[in-house]
Every structure is written in C-alpha cells, then in structure tokens.
Amino acid sequence: MNTSLLRMLMCCLLLLPLFSAGQDSASIYTAQLLQPPADSVRSQAIGRLAALRIPATFPLLMAINDKKLYLLDQKAVTIDSHPSSEGTYRLYSLYPDNTLLTNSSGQPLLLQLSALKTVDIPRADRLQLASIAPLFNLFSNDPQKRTLAYSQLKHTGDSATLRTLKAALARESNTDALRTGKEALYAMQLYNVSTTAIAKAYIDSIADNWSDNAPVLLRDYARSGFLNQETAQYAAAKAVGLEKRYDNLQRVQHFFSGLSLGSILVLIALGLSIVYGLAGIINMAHGEFMMIGAYTTYCTQVIFTKALGIPQTDLFFFFALPFSFLVAGSLGWVLERLVIRHLYAKPLESLLATWGVSLILIQTARLLFGDLTAVKTPQLLAGGWQVSPHLTLPYNRLFIIALSILMVLFTYLMLYRTRLGLQIRSVTQNRQMSACLGIETRRVASITFFIGSGLAGLAGCAITLIGNVVPDMGQTYIVDSFLVVVTGGVGKLAGTILSGLGIGFFTKISESFFQAVYGKVFILVFIMLFMQYKPKGLFPDKGRIAED
C-alpha cells in the first residue's frame with residue numbers, strides 16, 4: 001500500500017510542471033507584450049497568447065482588441081466602459097487576476113486617463129486576435145455583454161471553446177448570465193453525445209435551466225433529428241411544456257401588473273373619494289396635488305444631495321413620504337379655505353375654479369422645475385424579487401402595493417375608529433343636520449381637504465418610483481381617479497378599493513389583447529355600460545348627495 005502511494009505521489013510531481021507550463025508561458029508572453037525588446041517580439045507574444053487560449057489571459061487580450069490597454073505603475077490595467085460625471089474611470093487589473101482596483105479605504109479607484117500610460121498595439125498585431133475575439137466578452141466586466149456572448153456561442157464540438165466556456169462559467173457571478181452560459185454549455189454537450197439516455201439528460205438540464213432561448217433551442221434540436229427520432233420527440237415535448245409554463249407565468253405577471261396599477265389608482269382616488277363624498281365638489285386640481293407630492297420628493301432629494309452633501313443614501317425617499325403628505329395637504333387646506341369654501345353649493349363653478357387652479361399649478365411647476373425631472377430610485381427598492389426564471393416582481397411596485405394597503409388601513413381607522421372620522425361621515429351624509437348637532441362643518445371640511453390632498457401627495461411620492469416627474473403628470477391619472485370614485489360609489493372606501501383594483505386589472509388584461517389606446521377605450525365603454533345598470537356605483541350613497 002505504501003509503495004502504491006509513493007508511486008502516485010511521484011507521478012503527481014512529474015506531471016505538475018506540465019500543469020503549470022501553460023500558465024508560465026502566459027506570464028512570459030505577457031511580460032514580452034507589455035515591455036517588448038522589439039516589435040517582432042511583441043507581435044510573436046500576442047500570437048502565442050491567442051494560440052494558447054488560456055482563459056486567464058482573455059481580459060488582457062480583450063483590452064488589446066478594444067484598444068483599452070494601459071499601464072499603472074508598470075501593471076496592466078483597463079478602464080470601465082463609461083466615465084463618471086467628473087471624467088474619471090474605474091480601473092481593472094488584467095493579469096494574472098481580473099479584479100476591480102480599490103483605494104486605501106476600499107472604494108473603487110477612480111483616475112483620469114492622463115494618469116495612465118497608454119499601450120499602443122498596431123492593427124496588424126490586433127488582427128491576430130480575430131479568431132478568438134468572439135470569446136472575449138465571456139470575460140467582460142459587463143454582465144450584459146457576457147450574457148450576449150454566451151447566447152452567441154455556436155453548438156460546436158471545438159474542445160478549446162468548450163474549455164473556455166467552462167472557465168468563464170466557473171467565475172460567473174451574475175444570475176442571468178450564468179443561466180445563459182449553462183444553456184450554451186448544455187447545448188454544446190447535447191450535440192456531442194452518442195447515446196439516447198445522455199441526450200435526454202442534457203435536454204432535461206436545458207429545460208430545468210430554462211433560459212430565454214431554451215424553447216427555440218429544443219425545437220431546433222428536434223427539427224434537426226441529430227441523434228434519433230426518440231430524442232427529437234422528447235426535445236419537442238419539453239419545448240411545448242416550457243411554452244405552457246411561460247404562458248402561465250405571463251398570466252401571473254399580468255395579474256401582478258393589474259394589482260400594481262390598481263394600487264396606484266386606489267392610492268390616488270382615496271383622497272378624492274373622501275373629498276368628493278363630503279363636499280360634492282369635483283376637484284379638478286386633485287391630480288396636481290399628486291404632482292406636488294412628486295416635486296416635494298424631488299426637492300427632498302436635492303436637499304440631501306446638494307445641501308446636506310449625502311449623495312449615496314436612500315434616506316431622502318423615506319423622509320419625502322411624510323413631507324409630500326404634509327406639503328400637498330397644506331396646499332389642499334389653503335385651496336379649501338380660499339376657493340372651495342365659497343363654492344359648496346355651486347358644482348359647475350367649483351369645477352371651473354379647480355380646473356383653473358390646476359392650470360396655475362401646472363404652469364408654476366413648469367416655470368420652477370422645467371419640463372422633465374427625475375427622482376433616483378432608492379437602492380433598497382431597485383431590482384426585483386425573482387420568483388422564477390421568467391417571473392420577476394419589481395421591488396418598487398411591491399412597495400407601492402404595500403403603501404396602498406397601509407394607507408387604506410389608515411383611512412379606515414381614521415373614518416371608523418376616531419371622533420374625527422365620525423364627524424366626517426356625519427357631514428358627508430347630512431351637512432345641515434351635523435351643524436345643528438354642534439359639529440363645526442367648516443373645520444371638518446378643511447381637515448378633510450388636508451387629508452385628501454395629503455393622500456394625493458403621498459401617491460405622487462410613490463409614483464416617482466415608476467416614472468419621471470413632469471408638470472402635467474396629474475392629468476394622466478385624474479380621469480381614472482374619477483372613474484374609480486364614480487364606479488365604486490361616492491365617498492365609499494370599499495367601493496374605491498374594489499373599483500380601483502378592478503379598473504387596474506381590466507386595463508392590463510385589455511392591453512394584453514389590444515393596444516394601450518384601444519384598451520382605454522374598452523375600459524370607458526365597459527364603465528359606461530356598467531353605469532347604466534348601477535348609476536350610483538357599486539356602493540350607492542345613502543346620505544345627502546343621494547337625496548340631492
């Protein structure tokens with residue numbers, strides 16, 4: 001036993017130089033490339049590195065091919081694809097390790113090109129890399145480029161390409177790129193097997209991996225009849241199964257999109273429903289309070305980044321949530337005190353007055369902020385929850401759904417569990433009788449406008465997560481908000497929730513069959529027909545407005 005063990009150890013020692021020979025050669029050729037005694041030596045070194053196809057040298061060869069090879073303290077580095085706002089670049093080492101360079105505090109090292117020494121490689125030398133250039137992006141620092149490079153690999157039996165692909169996958173960290181790379185690996189191996197059992201195993205691996213091109217790849221394999229009819233039928237059946245699963249996930253995605261849109265409509269219409277139910281006022285400026293909440297969020301971001309000097313933080317958004325409520329609510333309170341209070345018994349005049357206020361607010365926002373601004377999405381809400389390879393639920397929309405649920409709960413507790421809520425419901429049903437009972441109806445109306453406008457401002461803060469901030473953004477949602485209120489029943493919380501979610505679902509379902517414009521027409525026609533049978537909405541009002 002000891003003799004056998006000794007022989008194995010001696011064999012390993014004898015083979016060790018062979019294992020490291022390629023790596024030693026690459027180090028020699030890399031040194032000749034960076035500091036050549038003559039141009040011919042550098043040209044020969046590039047040719048030898050291209051022939052060896054050692055994965056560790058690919059980042060270096062890619063930098064040569066892209067003309068982005070530099071020296072920093074006699075060390076080969078390359079730069080990021082795009083400069084920062086200050087004109088600096090992040091740096092990456094190239095050989096023997098391909099890593100992001102950092103400074104003494106552990107932050108990415110940022111330098112200008114003037115601080116680097118450019119290594120000029122003639123075009124004739126770069127042409128030697130043409131045969132392996134398609135493989136370079138497998139080792140790119142950009143995950144999207146790596147994903148594209150994996151998807152473009154041919155189903156070839158080239159052992160060198162297969163070895164390179166395995167080396168790239170061994171260091172792959174991006175989930176999407178890894179899935180695409182595994183698909184390319186399984187496809188290469190599928191076209192190089194000779195038994196049915198192994199072919200089915202690779203087909204199962206492709207189906208379980210389920211990258212974007214999996215159904216197409218399996219159908220192409222089935223049509224080719226590469227091995228035999230049995231494997232072709234097996235691959236075709238797997239492709240059909242994947243397409244059915246994808247259709248089911250698309251239905252789930254439409255359901256989530258409808259829930260997300262419905263939550264936005266509920267959040268916007270919640271305040272409008274309360275105000276409309278209490279005062280009977282068609283507040284055409286309600287959408288502009290949403291716009292005010294969005295611009296409050298933008299101003300909070302500017303304060304944090306410029307005034308306080310805290311650019312990399314998510315705190316600004318969470319501070320903006322209460323600020324947007326307070327700012328929009330305060331302006332709603334001012335609008336009620338100055339305009340709405342004098343127009344309670346004049347619905348047409350109130351409509352025209354609030355429409356004029358909305359135009360003033362839109363133009364004021366345009367003068368102060370311009371036509372287009374944007375709020376940076378908090379890092380905490382960037383990305384999404386990947387339920388399956390083809391179903392991702394964005395965190396920002398999940399947050400909006402959660403915020404809508406929280407605001408519905410807040411509104412319910414305020415209306416049905418507080419003295420103020422009791423007074424609001426009393427004034428909503430009968431203003432004169434409430435006044436006779438000692439309720440200060442004007443104070444209740446002011447507070448209600450404050451709460452309703454504040455909820456609209458909160459909705460504007462939330463909408464900055466999914467779109468840009470523009471002066472007329474409120475006009476996009478005001479019609480849908482009124483549809484929600486009218487369909488659900490004036491001043492009815494349950495009606496607002498059901499109609500908001502229903503309109504959101506129907507909108508997304510119709511958009512999956514028709515274009516967005518025709519989908520909107522379909523929703524309007526549906527609501528018109530619904531109102532013929534339920535003219536007072538899902539939950540008819542039983543108070544003052546119903547009597548009028």
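**Close-up views of a predicted model**

**View 1. An aromatic cluster.** Ring pairs link Phe-58, Phe-136 and Phe-139 into a cluster. Rings of Phe, Tyr and Trp (its six-membered ring) pair if their centres lie within 6.5 Å; planes under 30 degrees apart count as stacked, over 60 as edge-to-face and the rest as tilted. The model is predicted: local features need pLDDT of at least 70 and side-chain atom pairs pLDDT 80 or more, while totals for chains, interfaces and linings use all residues. Residue numbers start from 1 along each chain as its sequence is written, and side-chain values use heavy atoms, without hydrogens and water.

View 2. A search of the whole structure gives eleven aromatic pairs. Among them, Phe-319 and Phe-323 are tilted, at 6.3 Å centre to centre and 45° between the planes. These two residues are about one helical turn apart because they lie four residues apart in helix 13 (residues 315-338); helices are DSSP runs of H or I with at least four residues, strands are runs of E with at least two, and both are numbered from the N terminus. Phe-319 is partly exposed, at 40% relative accessible area, and Phe-323 is partly exposed at 39% (buried is under 20%, exposed over 50%, partly exposed in between; 1.4 Å probe, protein chains only).

**View 3. Strand 3 and its partners.** Four of the five residues of strand 3 (residues 89-93) are buried. Strand 2 (residues 75-79) pairs with strand 3 in the antiparallel sense over three bridges, pairing requiring at least two DSSP bridges. Ile-79 stands opposite Leu-91. Strand 4 (residues 110-111) runs antiparallel to strand 3, joined by two bridges, and Leu-111 is the bridge partner of Tyr-89.
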